[in-house]
Amino acid sequence: MKPYYAFHEEISEDKLFKGLLGFGLFAEKIPHFLTSEQFYKYIKLKKFPYNDSKPTDYIRYSNMRNINIPRPLSIPEPFSYANQVKIISVNWKKIVNHYKKKTKAQPYKVSRIHIRKLKDTNSLFQMNYKNFIIDGNPEDEIFIKSKYIATADIATCFPSIYSHSISWALVGKTIAKKESGKKFEDRWFNQLDFYTRNLKYGETNGVLIGPHSSNLISEIILACVDSELLKRKYQFYRNVDDFTCFTNSFEEAEKFFIDLSEIIKGFKLSLNSKKSKINQLPQATVTNWVTKLNHFNFTDQYVTVSGQKGLKLKN
């Protein structure tokens, strides 16, 4: 199994810049006639950066989810997005070191959905992408040893992320607050905060849902949350902002909610109480196997297996 930070270490600064800007400006759910690949080539030709520090507005777009609730998506102003991506790529090694520091002690890869190299595309992020061969599958091992399962998610996670908490996660709240009054150009973590705010008209609350950089930003914060939960010996995994924890008692599951709530409160986030549930095991794992089927990479190529009846899927 490949550790979490190794997925990021194998991405170069140039590949990150190209992946986020040329293939990550538009959300997957936005119609595919839109592309930023030519914009990326234009930026490379003009030898970015433009040093544009003005905050900009963004385009709102709603996509209907399969639960009949609209999902708000956003398309950032391209040049403001390019500024943010440039700051991320220039400081990519520092961000990767942050990921490594917060995840190197993990017994398995806790975060399941994140930036990574993808086959046959320059894009670096797909919401439903999983590869159990290199990601591992910790769920089966910890599931069989547990008596209860606790599920929780963060209330409106991306729209609730406080931009200053990016710096808190990267260097600690004490240092971030001490350095907040300094000229932002001298502090790379303040630059990341600044250009992230600029995508949303300078607002400190929320990151845009849609651009791939937002997942990277959220992981900076949520990797810290994972680290703190593991220090408390919880066995859990996370899909973006959805947490699933396996426990040996109902009281431990309740304590997981309390600890998770306290940890994320330090980043000005809160739990979605309507989606916090505790169920006793064993139970029908419909959600688990349906999720695995949805994430399985089926192809349209099949071959017969010599000496055996039937067909075998060719990967």
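**Ground rules.** Since I'm working on a predicted model, local features need pLDDT of at least 70 and side-chain atom pairs count only at pLDDT 80 or more, while totals for chains, interfaces and linings use all residues. Residues are numbered from 1 along each chain as its sequence is written, and side-chain values use heavy atoms, with hydrogens and water left out.

**Entry 1: strand β3.** I took helices (H or I, at least four residues) and strands (E, at least two) as DSSP runs, numbered from the N terminus. For burial I used relative accessible area: under 20% is buried, over 50% is exposed, and partly exposed is in between (1.4 Å probe, protein chains only). I looked up β3, residues 148–153, and found five of its six residues buried, so the strand is largely enclosed by the rest of the structure.

Next I checked its partners, where two strands pair if DSSP finds at least two bridges between them. β3 runs antiparallel to β5 (residues 242–247), with six bridges joining them. On that side I noted A152 bridged to F243. β3 also runs antiparallel to β6 (residues 277–280), this time through four bridges. There, A150 has I278 as its bridge partner.

**Entry 2: two helices.** Is S165 buried or exposed? I get 1% relative accessibility, so S165 counts as buried. S165 sits in helix α9, residues 164–171. For contacts I used heavy atoms within 4.5 Å. Leaving aside residues up to four places away in sequence, S165 touches I221 and F267.

Then I went to helix α2 (residues 13–23), where the buried residues are L16, F17, G19, L20, L21 and G22. Their cover includes α3 (37–45), α4 (78–90), α5 (92–103) and α12 (212–231).

**Entry 3: salt bridges.** My criterion was a side-chain nitrogen of Lys or Arg within 4 Å of a carboxyl oxygen of Asp or Glu. Searching the whole structure gave me 15 salt bridges.

I looked at R238 and D226, whose closest N and O atoms are 2.7 Å apart. R238 is in strand β4 (residues 235–239) and D226 in α12, so this pair ties together parts twelve residues apart in sequence. Both R238 and D226 are buried.

R232 and D259 also form a salt bridge, at 3.9 Å from N to O. R232 is in the loop between α12 and β4, and D259 is in helix α13 (residues 250–265), so the pair links parts 27 residues apart in sequence. R232 comes out partly exposed at 37% relative accessibility, whereas D259 is buried at 11%.

E262 is partly exposed, at 48%.

**Entry 4: cavity.** I worked on a 1 Å grid over the protein atoms alone, where a cavity is a set of points where a 1.4 Å probe fits but cannot get out, and lining residues have an atom within 4 Å of a point. Volume is the space filled by probe spheres set on the points, which are joined across faces, edges and corners. The search turned up one cavity of 30 Å³ or more. The largest cavity holds about 40 Å³ of space. Its lining is Q84, T196, L199, V207, L208 and S214.

Technical notes:
1 Å grid on protein atoms, 1.4 Å probe; cavity = no way out; pocket = protein on both sides within 12 Å on 5 of 7 lines; lining within 4 Å.
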